[in-house]
Amino acid sequence: MLNTDFPNENFSFEIKNRLTETASPSQERVEQNGGQFHGRTGVIHTPHGDITTPTFTPVGTKATVKAVLPEAMKDLGAQALLSNAYHLFLQPGPDVLDAAGGLGKFMNWEGPTFTDSGGFQVMSLGSGFKKVIDMGTVAGATGADGRPLGDDDVAAGKERMAHVDDDGVNFKSHINGDMHRFTPEVSMQVQHQIGADVMFAFDELTTLYNSRAYQEEALERTRLWALRCIAEHQRLTEERKHKPYQALFGVIQGAQYEDLRRKACRDLGAMPFDGFGIGGALEKENLGTIVRWCNEELPENKPRHLLGISEPDDIFTGIENGVDTFDCVSPTRVARNAAVYTPDGRFNLTNARFRTDFTPIFEGCDCYTCTHYTRAYLHHLFKADERLSATLASIHNERFIVKMVDDARAAIDSGEYFDYRDEFLGKYYAKKLAQQKAQEEAKARKAAKDAERAAAAQARWEANMKAKAEAEARRAEQARAAEQASSSDQKEED
């Protein structure tokens with residue numbers, strides 16, 4: 001039987017509206033989705049404020065959203081920020097954050113905060129592939145020797161910096177090479193000192209490269225680690241009663257396997273977690289299906305967080321299948337490379353056409369960047385390699401994704417979600433789809449021409465072969481006739 005009670009009264013979640021009740025999706029939509037929609041709106045209550053859901057949680061890996069002031073994050077509408085336990089453990093150290101009064105006070109952020117457990121770094125440092133779990137990037141991938149990648153592979157030119165055993169993980173610092181060890185207990189101790197409102201249980205993140213056998217092994221290890229995380233979390237919560245309560249989310253693994261995902265949800269769903277994170281290897285084309293599997297099993301009255309997702313189509317897929325919160329570094333990462341979001345898709349500000357374009361990134365955007373600066377100015381900043389370029393582009397991108405999810409939340413409440421989703425995605429991906437269509441049409445035309453050339457070549461070959469056969473037949477006939485004539489002449493002489 002699933003545990004549906006919250007372990008602590010200082011953290012809770014309430015559902016406001018369900019998508020199936022406000023929007024009444026048609027049977028056709030349900031069939032297209034592959035199953036019933038689980039989207040909803042709600043409120044997560046934390047010691048540092050409420051989070052209305054669904055919402056996007058920007059990532060401040062090292063207690064800072066790169067290049068952006070915490071005050072600016074509040075102004076652009078961010079409700080919560082997520083930092084990384086692994087990075088903060090290495091620098092400045094969890095003792096510093098504890099002495100400062102916790103992550104929020106340390107970074108001058110008054111709202112709720114999240115920390116992930118360090119599980120992602122275990123995988124990325126361990127294999128050196130870093131983005132190996134990015135959706136859609138690993139199908140049919142092979143190593144340098146041409147064989148399929150396996151459980152023990154390491155990226156070319158990399159060393160294995162993390163080693164997993166049943167008790168925990170030994171890893172080498174990417175900063176100075178020092179060796180450290182994380183166990184479920186250490187992860188809980190570090191995250192309690194960091195002091196975020198929501199933290200995640202220590203898990204082993206697998207990839208789409210890993211074998212089924214290893215997925216099963218890692219899933220069981222994550223289950224046992226979850227139990228140890230809960231025990232240590234409860235001990236520390238009692239020991240640190242003077243501190244605000246920190247919620248603990250279990251992390252669901254299982255890669256692309258339905259039975260493993262459902263098993264993980266049933267196992268962890270029966271544990272006294274405050275909420276759940278859906279992580280691990282996620283193929284883009286199966287994202288909605290995997291999320292739906294999980295949310296069909298997890299306790300409905302607890303929040304669900306989808307780890308590392310920010311592309312618009314993926315967020316909408318997550319929302320309608322029951323995800324409440326999201327996080328991802330992508331908005332600021334692409335911003336530092338001059339890529340910005342608009343309702344008509346993403347473009348790069350370093351393109352020459354923006355050199356004298358004195359309009360905002362897009363008309364109607366209410367972010368600080370768009371209300372104060374032009375494309376031409378940002379083009380100049382990026383070309384001049386000025387640091388302000390990253391700040392202004394990051395502010396815009398974070399606002400774009402935050403507002404997109406806020407509008408989706410409002411659309412669920414108003415019953416207009418599917419109209420909003422269809423219009424937004426239709427416009428956002430219109431150019432991309434048009435380009436894909438043009439490419440497909442060009443490919444089809446080329447294929448048709450190639451087929452026409454091949455048919456013509458085949459016809460010429462067949463004609464040549466026929467002519468050759470006819471010529472050989474004539475020569476043979478002529479030879480027979482000559483032979484017969486010679487034989488006749490010989491008889492006459494005799």
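Colleague: What makes Ala338 count as buried?

Modeller: In this predicted model, the relative accessible area of Ala338 is 1%. Buried requires a value under 20%, so Ala338 is classed as buried. Ala338 lies in the loop between α13 (330-335) and β15. Its phi is positive, about 75 degrees, although Ala338 is not a glycine. Most residues other than glycine have a negative phi.

Colleague: Why is Ala67 called partly exposed?

Modeller: The relative accessibility of Ala67 is 38%. The class runs between the limit for buried, under 20%, and that for exposed, over 50%, and therefore Ala67 counts as partly exposed. Ala67 belongs to the loop between β4 and α3 (70-75). Ala67 also has a positive phi of about 75 degrees and is not a glycine.

Colleague: How do you know that the rings of Phe89 and Phe171 form an edge-to-face pair?

Modeller: Two values decide it: the ring centres are 6.4 Å apart and the planes stand at 65 degrees. Pairing requires centres within 6.5 Å, and edge-to-face requires planes over 60 degrees apart. Phe171 is buried because its relative accessibility is 4%, against a limit of under 20%.

Colleague: How many aromatic pairs does the whole structure hold, and which residues do ring pairs link into a cluster?

Modeller: The search finds 24 aromatic pairs. Ring pairs join a cluster whose members include Phe316, Tyr341, Phe362, Phe400 and Tyr428.

Colleague: Where does Pro343 lie, and what does Pro343 touch?

Modeller: Pro343 is in the loop between β15 (339-342) and β16 (345-348). Beyond residues up to four places away in sequence, Pro343 touches Phe362, Phe400, Lys427 and Tyr428. Pro343 and Phe400 are 57 residues apart in sequence, while their C-alpha atoms are 8.9 Å apart in space. Pro343 has a relative accessible area of 21%; the limit for buried is under 20%, so Pro343 is partly exposed.

Colleague: What makes helix α12 largely enclosed by the rest of the structure?

Modeller: Seven of the nine residues of α12 (residues 312-320) are buried, so the helix is largely enclosed. Among them are Pro312, Asp314, Ile315 and Phe316. Gly322 follows α12 and has a positive phi, near 110 degrees.

Colleague: Which polar contacts does the side chain of Arg40 make with Asp324 and Glu300?

Modeller: The side chain of Arg40 meets the side chain of Asp324 at 2.8 Å. A polar atom of the Arg40 side chain also lies 2.9 Å from the backbone oxygen of Glu300. Arg40 is in strand β2 (residues 40-46). Its relative accessible area of 2% is under the 20% limit, so Arg40 is buried.

Colleague: Where is the cis peptide bond that has omega of about 0 degrees?

Modeller: That bond joins Thr53 and Pro54, and Pro54 is in the loop between β3 (49-53) and β4 (55-58). Another cis bond, with omega of about 10 degrees, joins Gln91 and Pro92. Most peptide bonds are trans.

Conventions: Residues numbered from 1 in each chain as written. Predicted model: local features only at pLDDT ≥ 70, side-chain atom pairs only at ≥ 80, totals over all residues. Heavy atoms only, no water. Phe/Tyr/Trp six-rings, centres within 6.5 Å; stacked < 30°, edge-to-face > 60°. Buried < 20%, exposed > 50% of the residue type's maximum accessible area, 1.4 Å probe, protein only. Helix = DSSP H or I, 4+ residues; strand = E, 2+ residues; numbered from the N terminus. Polar contact = N/O pair within 3.5 Å; in protein donor to acceptor, adjacent residues only side chain to side chain. Contact = heavy atoms within 4.5 Å.
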